[in-house]
Amino acid sequence: MTALLSILVLVFILVAIWQMVKIYDLTQIGSSESDTQVATDSDNKINGYLMLGFLAFIYVITIICFVKFGDLPLMSNSASEHGPDVDNLMIISMIVIFFVQTVTQFLLHYFAFKYKGEKGKKAVFFADNNKLEAIWTIIPVIVLAGLIINGLFTWTSIMNPDKGNDPIVVELYAQQFNWKARYGGADNTLGKANVRLIDIDRANILGLDESDPNAEDDIITTELHLPVGKPVLFKMRSQDVLHSAYMPHFRAQMNCVPGMITQFSFTPTKTTAEMRETPEMKDKVANINNIRLEKSKELTAKGEDALESYEFDYLLLCNKICGKSHYNMQMKIIVETQEEYDAWLKTQKVFKGSLVSAN
Amino acid sequence: MAAHVEDTHAHDDHGHHHKETFITKYIFSQDHKMIAKQYLITGTIMGVIGVMMSLMMRMQIAWPEEPNVLFKALLGKWAPEGVMDADIYLALVTIHGTIMVFFVLTAGLSGTFSNLLIPLQIGARDMASGFLNMVSYWLFFISSVIMVSSFFVEAGPAAAGWTIYPPLSALPMAQGGSGMGMTLWLVSMAIFIASSLLGSLNYVVTVINLRTKGMSMTRLPLTIWAFFVTAIIGVISFPVLLSAALLLIMDRSFGTSFFLSDIFIQGEVLHYQGGSPVLFEHLFWFLGHPEVYIVLLPALGITSEIIATNSRKPIFGYRAMVASILAIAFLSTIVWGHHMFISGMNPFLGSVFTFTTLLIAIPSAVKAFNYITTLWKGNLQMNPAMLFSIGLVSTFITGGLTGIILGDSALDINVHDTYFVVAHFHLVMGISALYGMFAGIYHWFPKMFGRMLNKKLGYIHFWVTAVCAYGVFFPMHFIGMAGLPRRYYTNSNFPLFDDLANVNVVITIFALVGGVFQLVFLYNFFASMFFGKKAVQNPWRSNTMEWTTPVEHVHGNWPGEIPEVHRWAYDYSKPGHDVDFVPQTQPLYEGEEELQH
């Protein structure tokens, strides 16, 4: 019924538009060109002014977006060592884009307004100018060369981290639809693994090689704990389809590909507790909790449970379409001090002890 | 069957005037003008389907898990009690992408305007092979039917994203849509590619061989240059997608391991060994990236023509425009890796692809500046086609600029697969190409149907669409920079993103308004086809050859001899002429110099 009503409303809107056009047409009777459906001087004028209006609209929407969302914590509050490099490059690129966008949109829409057609006016015959062409070929070349060089240095330093500083090796293991983390244990070396060795009955869920001594002290967890200030080398695996390990606060992402091991490395620089105390994050969390409070009021009015209040945590999200529950494939990341990390690691079961003997 | 019978009859009549029956004229037509209309109408229907899907997705994102009468009415068992199912959401994502990219903006856009304009603007009686042209359309039609029919199979249509990365697309146990739905997707696309190849070969051959006397390559309108180069890119890259699809079919149905290895799913180890999903990504994007330009270049070609005509000025920098089309076409085939920076590919390759990708900004910048300079000191006729062309330049700039961020591997790490990407490509190829298509329809409607579209409805259509397009996609960049991943059925499992929910509601409202106002266009289109004002022969006072043909279509385009061409297509407001346009067929007067372009 509602569907029918909405369709009726739509039809009425269309009829109304058509009627308005008809009335407009009637007012035009007498001027001979009104019915050729080719733009007249008055059309040119109206649309010329609308072009100026549209330019204003583009500027307004740009300003609103930058003021309202320009300082989202995810843009300015990174928590990894390479994060500020990425953010700086982002800001430089944004400034370049903002400048070019403002100027070119101005020229485009202003010319569309300024040179709106009039009867009897003749356009200037201006077909080519090598100097101009050269200018707007060379300027982009220079700007882009700068961006490319900057970008490539940043990329290379992120993807080829210093091997000398002995990172903690952590495996991120993806499956539909959850994440596991595996630590190398006391020897900081991951045992060999392959999905063909998975034995659910023996609780060997990641397919570790039981004959590999390096695997014995491996630790498998469902939360990712990282000590602050220590480089971490992630080795990614997937057991079924493509997934992507996305850790936005650390400006880190890498796909998990079945059949191969991918890797990514970063050094966390802020503990979860420190991040929660940054002014940007406090604002963000307060804002989110206000929204949740409002929503809770609506929910309780309907007799449903209120939402829990939100506390910030780093997250690992799946960012490659992986099936039905892709939208809920996440793992909490906790960055803590070395002592807290060591203490937590001690409480975790090692692989050898976690196996169930087959009967 | 009837068609075959009619065909034989036509051949029996050899030498006489071709007998035209309803079937040979409107259904199995070999006339390029009719085939163009067939492409346009099929593309429009697919466009309506594709846009409706996007509106349903937007409503789901804005008001997740809430009952919606529209879902209940349109999705049936996929929306029990009107609440959308998570599987069908991914299917909508997939089929929306596939339909819009291939069926609307490749076949609908290129198919319509290449077919209509190539013979008319180069002075040919028809395409090089009318028969192949007809086959090309009907293959497209069949693939469209198969693609849409996949909504009616038990486990739903393909739902692995339009990029159909295996293993998700290869394993029915990974996802409901990867069973019969995916098979239909692959079959449909294989047929589509065959159609596209037949079309492209025809365009290339026609442009090379059938130009009329005097129509040298440097006198070609930029539309034809764009269609010609687009067809070449299509011929080079579509076969690679076909090979990827065939290998995927082998993996799915015949147990090979091209793309699969070491998989444990639903409690069992599969036999696949040694393949790599990354190989599929390479093959897919070797088409996938040129595809962006297959979609965009025809729109830019159409814009060049319309901006010059309506500015009453020559297009600025004809040679530079041709050169940048060629440069974009060349570069487009060596940048595909920028979709794969974080796929596990060697980081050094990432550096190479960053370099080649950012190079594309140079010819693109040249094109944008040349359009703006064409407007400068013009006498702009604000016809609806002109508005859409200016709109195209605007969205092309806005959307193109963010490509500088996505093409930069270091920055891509953090915005890859977020809404930033969605905003970027929708503006730069989706909206821009759609504007190009609308511009083309408003401009050449009189050529196609002998009647004019209503300009006031055109103005309403443009301005509402333009505001809504920015309203949808501009804020979307920012939720992407806030880290919101795309292809999420709902964001409600992440309180982290709760502060973006309002933005999503605003975006959805813009999308709904923009979507509903396309009805104005559809109404205008179908009503004007029958009741529009009768068109005159050359309503926009344009130089190109299609406007020298009679308003009533005749087989063979020109009733008598094909006219000879004496000049380029852009002698607008040329000093020494009384009127502000000089058709290409008008000889140079004594002492007049042809511009050395």
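Here is a short exchange about the two chains of this predicted model.

Me: Why is A:Gln37 called buried?

Reply: A residue counts as buried if 20 or more other C-beta atoms lie within 10 Å of its own. A:Gln37 has 24 such atoms within 10 Å, so it is buried. You will find A:Gln37 in the loop between helix 1 (2–27) and helix 2 (41–69) of chain A.

Me: And what makes A:Asn188 partly exposed?

Reply: The label lies between two cut-offs, 20 or more for buried and 12 or fewer for exposed. With 15 other C-beta atoms within 10 Å, A:Asn188 is therefore partly exposed. Its place is the loop between strand 2 and helix 6 (213–216) of chain A.

Me: What makes the phi angles of these two residues worth a look?

Reply: Most residues other than glycine have a negative phi. A:Gln37, which is not a glycine, has a positive phi of about 65°. A:Asn188 is not a glycine either, and its phi is positive at about 50°.

Me: Which peptide bonds are cis, one involving A:Phe177 and one involving B:Pro167?

Reply: A cis peptide bond joins A:Gln176 and A:Phe177, with omega about -5°. A:Phe177 sits in the loop between strand 1 (168–175) and strand 2 (178–183) of chain A. In chain B, the cis bond joins B:Pro166 and B:Pro167, and omega is about 0°. B:Pro167 belongs to the loop between helix 6 (130–149) and helix 7 (180–209).

Me: How do you know how compact chain B is?

Reply: Chain B holds 18 helices and 2 strands. Its radius of gyration is 24 Å, close to the 25 Å that the globule rule gives for 597 residues, so chain B is as compact as a globular protein of that length. Buried residues make up 63% of chain B.

Me: What makes helix 13 of chain B mostly covered?

Reply: The burial count settles that one: 18 of its 18 residues are buried. As for its span, helix 13 (residues 384–401) reaches 26 Å from its first C-alpha to its last, close to the 26 Å expected at 1.5 Å a residue.

Me: How do you know that chain B touches chain A?

Reply: Contact here asks for C-beta atoms within 7 Å. By that test, 118 residues of chain B are in contact with 108 residues of chain A. Helix 17 (residues 455–481) gives the most to chain B's side, with 13 residues. That side divides into 73 nonpolar, 30 polar and 15 charged residues.

Definitions and conventions: Residues are numbered from 1 along each chain as its sequence is written. Chains are lettered from A and ligands numbered from 1 in the order in which they are written. This is a predicted model: local features need pLDDT of at least 70, side-chain atom pairs count only at pLDDT 80 or more; totals for chains, interfaces and linings use all residues. Two residues are in contact if their C-beta atoms, placed from the backbone, lie within 7 Å. Helices (H or I, at least four residues) and strands (E, at least two) are DSSP runs, numbered from the N terminus. Ala, Val, Leu, Ile, Met, Phe, Trp, Tyr, Cys and Pro count as nonpolar, Asp, Glu, Lys and Arg as charged, and the others, Gly among them, as polar. The radius of gyration is taken over C-alpha atoms; the globule rule is 2.2 Å times the number of residues to the power 0.38. The expected span of a helix is 1.5 Å times one less than its number of residues.
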